Amino acid sequence: MQPIRLFLAGASLAVLPLLAPSSLQQASAQDTKPGVERLYILNCGEGVAGDISRWSPGVNVGKSMDFVDSCYLIKHRQGWLLWDTGLADAIAAMPEGQRPADPRATHWRRPKTLVSQLDQLGVKPSDIKYVAVSHTHPDHVGNVTLFPQAMLLVQKAEYEWPSPVGPRFKPDHPVTKLEGDHDVFGDASAVIISTPGHTPGHQSLLVKLPQTGAVLLSGDAVHFRENWENRRVPEGNDSKDKTAASMQHMAEVMAKEKAQLWINHDKAQRDGLKMSPDFYN
Ligand SMILES: [Zn+2]
């Protein structure tokens with residue numbers, strides 16, 4: 001038996017060097033190619049918040065603040081992901097924008113439509129593979145219906161949150177109802193992080209860019225930097241405790257991933273960022 005065993009061992013050793021180098025090269029080329037290639041910040045609204053103590057009870061009473069509303073378009077080698085859809089494009093046609101019922105809330109305008117900004121990049125709404133929304137307030141879901149073929153990525157708790165005006169999404173829109181964190185492309189380059197509190201199924205998005213590094217897109221887990229630094233909870237939030245816990249969780253994710261925090265509505269921060277058609281890679 002001894003010679004046969006030696007022969008087999010010799011055969012496998014002889015075959016391995018022939019197969020291994022090319023398959024190893026393929027694997028390493030695959031691994032080094034970035035999953036997420038680009039991130040574009042789109043202008044999805046501009047406005048004035050009438051009284052920012054609405055977002056920080058008892059603090060800054062009567063003080064107004066300029067807000068922005070951002071959407072983020074992410075190019076992954078498997079397809080396009082749109083994070084938040086902003087205010088409805090129809091608001092772009094309103095000369096005075098959309099005045100809020102509560103004067104303490106935000107008076108929104110839409111200087112550019114979402115569709116025109118996609119068009120500028122040569123992207124058609126039908127090219128979008130995934131639409132993920134941080135939550136279902138109107139300044140985030142205003143254009144979901146422009147993407148009827150895209151897979152919606154939304155927390156089950158948000159999707160099923162009762163609304164006085166009927167379903168939060170068209171019942172025939174394809175949807176993946178999430179229950180917690182979700183790795184969108186399966187390669188950890190774009191991971192939805194469950195951050196409930198502002199609404200029952202609020203979520204944020206961690207994006208890992210090859211040059212820029214990790215960025216955590218806040219959604220409305222926080223509205224501007226001062227509230228982040230002081231962990232302030234807006235008066236209208238669904239749960240104060242969950243909001244505080246989500247901010248703590250975000251801080252832990254940021255520390256672990258060495259991630260920047262990009263706060264959706266923070267105009268001062270966004271004014272320092274590159275807007276589409278410029279991009280981050
Ligand atoms: Zn918002």
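## Salt bridges

A salt bridge is counted here when a side-chain nitrogen of Lys or Arg lies within 4 Å of a carboxyl oxygen of Asp or Glu. The structure is a predicted model, in which local features need pLDDT of at least 70, side-chain atom pairs count only at pLDDT 80 or more, and totals for chains, interfaces and linings use all residues. Residues are numbered from 1 along each chain as its sequence is written, and side-chain values use heavy atoms, with hydrogens and water left out.

Under the salt-bridge criterion, the count comes to 15. One of these pairs is Lys256 with Glu257, whose closest N and O atoms are 3.5 Å apart. Accessibility is classed as buried (under 20% relative accessible area), exposed (over 50%) or partly exposed (in between), using a 1.4 Å probe and protein chains only. Lys256 is exposed, at 68% relative accessible area, whereas Glu257 is partly exposed, at 23%.

Asp271 takes part in a salt bridge with Lys267, with 2.8 Å between the closest N and O atoms. The side chain of Asp271 also meets that of Arg270 in a salt bridge, at 3.5 Å from N to O. Lys267 has a relative accessible area of 25% and is partly exposed; Asp271, at 46%, is likewise partly exposed. Arg270 is buried, with a relative accessible area of 10%.

## The zinc site

Metal donors are N, O and S atoms within 2.8 Å of the metal (3.2 Å for Na, K and Ca); water is not among the atoms, so sites may look incomplete. The zinc ion is coordinated at 2.1 to 2.2 Å by Asp139 (OD), His140 (NE2), Asp220 (OD) and His265 (NE2). Along the chain, these donors follow the spacing D-H-x79-D-x44-H. Asp139 lies in helix H3 (residues 138-141) and Asp220 in the loop between strand E11 (213-217) and helix H5 (225-229), so that this pair, 81 residues apart, links distant parts of the chain. Helices (H or I, at least four residues) and strands (E, at least two) are DSSP runs, numbered from the N terminus. Asp139 and Asp220 are both buried.

The arrangement is irregular because the four donor atoms subtend angles of 91 to 163° around the zinc ion. Four donors count as tetrahedral if all angles lie between 85 and 135 degrees; four count as square planar and six as octahedral if opposite donors are over 155 degrees apart and all others between 65 and 115; anything else is irregular.
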